[in-house]
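Hello,

Here is the structure we talked about passing on.

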Amino acid sequence: MKKVTKVSNDLVNVRYMVDDVIKAVDFYTTHFGFTLCSNAAPAFADVLRGNLRLLLSGPKSSAGRPMPDGGIPEPGGWNRIHFIVDDIVAEVERLRAAGVRFRNDIISGPGGQQIVLEDPAGNPIELFQPAGA
């Protein structure tokens with residue numbers, strides 16, 4: 001796995017809480033073409049794809065510490081990263097064959113088709129094919 005050493009201020013940074021940093025790195029580098037930036041597993045790693053930097057924070061990271069009210073940051077929820085694809089059916093077939101979990105089936109709307117899948121920690125990722133693509 002190729003490692004990137006320089007991180008630019010021109011990046012969009014998204015933090016995802018994950019249960020297992022190594023599994024998350026493997027998932028994003030294997031299935032979505034991210035490149036490893038840094039690895040301080042089991043606490044933290046970050047991966048890069050274009051201008052998107054995912055900060056993968058495990059339970060032992062500083063981002064995983066309890067909040068003042070006692071709440072514990074955890075993976076999941078519905079906020080998600082959104083990948084535009086040319087052929088959503090082919091992408092879904094590729095990912096299902098690799099054992100990736102999906103939350104729903106492909107749905108169609110006025111803007112195109114979409115489906116939501118999960119990373120190993122349960123964080124959602126949306127694949128979207130614009131109408132007419």
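**Aromatic cluster**

Phe 27, Tyr 28, Phe 32, Phe 34 and Phe 83 make up one aromatic cluster. Please keep in mind throughout that this is a predicted model. Searching the whole structure gives 6 aromatic pairs. One of them is Phe 27 with Phe 32, a tilted pair with centres 5.8 Å apart and 55° between the planes. Phe 27 and Phe 32 are both buried. Another is Tyr 28 with Phe 34, which is edge-to-face, at 5.5 Å centre to centre and 80° between the planes. Tyr 28 and Phe 34 are likewise both buried.

**Nonpolar core**

The largest nonpolar core contains 28 residues, and Tyr 28, Phe 32, Leu 56, Leu 117 and Leu 127 have the most contacts inside it. At least two residues of this core come from each of α1 (21-32), β3 (44-49), β4 (52-57), β5 (81-84), α2 (88-97), β8 (112-118) and β9 (124-130). The element that gives the most is α1, with 6 residues.

Leaving aside residues up to four places away in sequence, Leu 56 touches Tyr 16, Val 18, Val 21, Ala 24, Val 25, Tyr 28, Ala 43, Phe 44, Ala 45 and Val 47.

**Helix α1**

The ends of α1 are 16 Å apart between C-alpha atoms, which agrees with the 16 Å that its 12 residues should span at 1.5 Å a residue. After α1 comes Gly 33, with a positive phi near 70°.

The buried residues in α1 include Val 21, Ala 24, Val 25, Phe 27, Tyr 28, Thr 29, His 31 and Phe 32. An α-helix has 3.6 residues a turn, so residues three or four places apart point the same way. Lys 23 is also in α1, but Lys 23 counts as exposed because its relative accessibility is 52%, and the cut-off for exposed is over 50%.

**Buried charged residues**

Asp 46 is in strand β3 and Arg 53 is in strand β4. Asp 46 has a relative accessible area of 2% and is therefore buried. For Arg 53 the relative accessible area is 16%, so Arg 53 is buried too, the limit being under 20%.

What joins the side chains of Asp 46 and Arg 53? A polar contact of 2.7 Å does. Each of these residues has a further side-chain partner: Asp 46 makes a polar contact of 2.4 Å with Ser 38, and Arg 53 makes one of 3.0 Å with Asn 13.

**Arginines over rings**

Two arginines are placed over aromatic rings. Arg 96 lies over the face of Phe 102, 4.6 Å from the ring centre. Arg 103 has its charged end over the ring of Trp 78, at 4.2 Å from the centre.

Met 17 belongs to strand β1 (residues 12-17). Is Met 17 buried or exposed? Met 17 counts as buried, because its relative accessibility is 12%. Although Met 17 and Leu 55 are 38 residues apart along the chain, their C-alpha atoms are separated by 8.3 Å. Not counting residues up to four places away in sequence, Met 17 touches Ser 57, Gly 58, Ser 61, Ala 63, Gly 64, Pro 73, Glu 74, Pro 75, Ala 121 and Asn 123.

The last item is the backbone at Ala 41 and Pro 42, which are joined by a cis peptide bond with omega about 15°. Pro 42 lies in the loop between β2 (35-40) and β3.

Regards

Terms used
Residues are numbered from 1 along each chain as its sequence is written. Side-chain values use heavy atoms; hydrogens and water are left out. A nonpolar core is a set of buried Ala, Val, Leu, Ile, Met, Phe, Trp, Tyr and Cys residues joined through side-chain atoms within 4.5 Å. Buried means under 20% relative accessible area, exposed over 50%, partly exposed in between (1.4 Å probe, protein chains only). Helices (H or I, at least four residues) and strands (E, at least two) are DSSP runs, numbered from the N terminus. Contact means heavy atoms within 4.5 Å. The expected span of a helix is 1.5 Å times one less than its number of residues. Rings of Phe, Tyr and Trp (its six-membered ring) pair if their centres lie within 6.5 Å; planes under 30 degrees apart count as stacked, over 60 as edge-to-face and the rest as tilted. A charge sits over a ring if NZ of Lys or CZ of Arg is within 6 Å of the ring centre and within 35 degrees of the ring normal. A polar contact is a pair of N or O atoms within 3.5 Å; within protein, one must be able to donate a hydrogen and the other to accept it, and residues adjacent in sequence count only if both atoms are side-chain atoms.
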